[in-house]
Amino acid sequence: MPVLNTQNLPEVQKAIKEAGVDGWLLFDFRGINPIAAGLLGIQGMVTRRYFAFIPREGVPVAITHGIEQAPWSGWPASWAKEVYGSWRVLEAKLAALLAGRRVAMEYSPGDAVPYLDRVPAGVLEMVRATGATVVTSAELVTTFYATWTADELVVHRRTAERVAEIARQAMRHAGAEARAGRPMTEYSLQQHIVSEFTKAGLETDHPPIVAIGPNAANPHYSPSATRPVNIGVGALLLVALFAHEPGGIWADQTWMASVGEPSPRAVQVWTAVRDARDAAIALLRERVNGRATIRGGEADDAARNVIKTAGFGDRFVHRTGHSIDSRDLHGSGPHLDNLETREERLLVPGVAFSIEPGVYIPGEIGIRSEVNAYVGDGELVVTPVEYQRDMMIV
C-alpha cells in the first residue's frame, strides 16, 4: 500500500470499523516502528516521539514535536496536527484524544509475533493511562502495510525468473569448473553471482550464501575470501540468493546441486525437504484457490510434519517462511511459523512470503529449498515458475 493519504483513507477507516476499534494509533521513536514511518511517509531527521491517530471516522490527528515539523510536510493540510514540547503537554494531548477509546497499536500480546511488537511497554502504559484500551493492529498491518499491488507482483515475477536463471547458471558454472580441474571456491562463486546481479540490473543488501557439505548446515553461513573452500567433484552445493530491481520487490530463493552423483544420504535429506516444501504449497493452494482461510502457522505445521515423519524433525530449526512485504525482504506481514513465533495472522490476498524448509545436521550436511508465494484472489502464485523438483547434478 502507498503512504496513507486522503484517497486511501476511506478504505483504511472501513477496515478500522470492521476491526471493532475506534482508531489506529501509530507511534514511533527513532525508527523503532518502521510500520508507522512507512505508512505515514515520514522521512528526514526524526529524533522525538510522535503519534498519529486514524479514527474510524473523521480526520486523522498527528501529535508531533515542535522542533521536527519538516518531516511532516506531506501530511495533508485538511488533517489535524498538534504540536508539543514538554512531556506534560504530550500526555495531555493524548488523554484528550484517546480517553475511553479502543485503539489498535503495533503490539503483540506476549510478544507472540516479534515483527509486529513495535511499541515499548512504557508507551503502552502511557496510552492506557489515558483511559484507552489497546489491542493489536495485526490484521490492519497485514492489510495496509504488508500487501503488494498488482504492479509490484509483475515486478517480482520478472525478478524471480532472473534470480532463478542466475542460480542455475552459477551452479552449472561451478560444476564445469570442478570437472575441468579448476574448482571455484565458495567465495568466488558468491562473487560471480553478485556480478551477475549487476549485469541483470538487480540489487541486493547482502551477498548470497554459497556453502558446500557441512558448511551448509549453518543456515546463515557466509563464505570468506580468507578461508577459501573449494567446490570440487563430489561436493553438495547450496546457493541462497536474494535480489530486487531498484525500488522493486525482493525475490528470495535457495537451490541445491551436487557436483557429480549425489550420495544416498543427500538424496534422502533432499527428498524430505522438497516434500515438506511441496506439502506447504499444496495446503496453501487448496485453501487459497478455494477462498478458505489459512494462517501462517498452519502452513508451517504442514511442512514440519513431513520432515518429522522423515526422521529429521529436530534438524528443522527455523520457521518455514518469512513475510516478504512491499518494503522489506524479511517483512512485517504474516510468516509461515509455528516454531519460533505463534503466527496466527491470516494470509489474506496481497501478502507474500518465502517457503523454505531445511534440514541441518552439523558436521555433515545442510539442505534447504526455497520458493516465494503470493496470495492472489483465489490463486496462489508460486515463483519462480519452474522451481526445483529434483537435485541438480552439475
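**Aromatic clusters, cores and backbone exceptions**

Tyr50 and Trp72 are both buried, where buried means under 20% relative accessible area, exposed over 50% and partly exposed in between, with a 1.4 Å probe and protein chains only. The model is predicted, and local features need pLDDT of at least 70 and side-chain atom pairs pLDDT 80 or more, whereas totals for chains, interfaces and linings use all residues. Residues are numbered from 1 along each chain as its sequence is written, and side-chain values use heavy atoms, with hydrogens and water left out.

A pair of aromatic rings is described by the distance of the centres and the angle of the planes. Rings of Phe, Tyr and Trp (its six-membered ring) were paired if their centres lie within 6.5 Å; planes under 30 degrees apart count as stacked, over 60 as edge-to-face and the rest as tilted. The count by this rule is 5 aromatic pairs. Tyr50 and Trp72 have ring centres 5.1 Å apart and planes at 90 degrees, so this pair is edge-to-face. The pair links distant parts of the chain, 22 residues apart: Tyr50 belongs to strand 2 (residues 50-55) and Trp72 to the loop between strand 3 (61-65) and strand 4 (80-84). Trp75 and Trp79 form another edge-to-face pair, at 5.0 Å centre to centre with 75 degrees between the planes. Trp75 and Trp79 are buried. Tyr50, Trp72, Trp75 and Trp79 form one aromatic cluster. Helices (H or I, at least four residues) and strands (E, at least two) are DSSP runs, numbered from the N terminus.

A charge was taken to sit over a ring if NZ of Lys or CZ of Arg is within 6 Å of the ring centre and within 35 degrees of the ring normal. Arg128 lies over the face of Tyr107, 5.4 Å from the ring centre. The charged end of Arg304 sits over the ring of Phe316, at 3.9 Å from its centre.

Arg304 is also one of the residues in contact with His318, as are Pro219, Leu339 and Glu356, with neighbours within four places in sequence left aside; contact means heavy atoms within 4.5 Å. His318 is found in the loop between helix 9 (296-309) and strand 10 (352-355) and is buried, with a relative accessible area of 13%. Its side chain makes a polar contact with that of Tyr360 at 2.6 Å. A polar contact is a pair of N or O atoms within 3.5 Å; within protein, one must be able to donate a hydrogen and the other to accept it, and residues adjacent in sequence count only if both atoms are side-chain atoms.

A nonpolar core is a set of buried Ala, Val, Leu, Ile, Met, Phe, Trp, Tyr and Cys residues joined through side-chain atoms within 4.5 Å. The largest core has 43 residues, of which Leu284, Leu347, Phe353, Ile355, Ile367 and Leu380 touch the most other members. Helix 8 gives the largest share of this core, 11 residues. A second, separate core of 31 residues includes Leu40, Tyr50, Ile54 and Ala138.

Most residues other than glycine have a negative phi, and most peptide bonds are trans. Arg30 has a positive phi of about 55 degrees and is exposed, with a relative accessible area of 63%. Asp111 also has a positive phi of about 55 degrees and is partly exposed, at 39% relative accessible area. Thr383 and Pro384 are joined by a cis peptide bond with omega of about -5 degrees.
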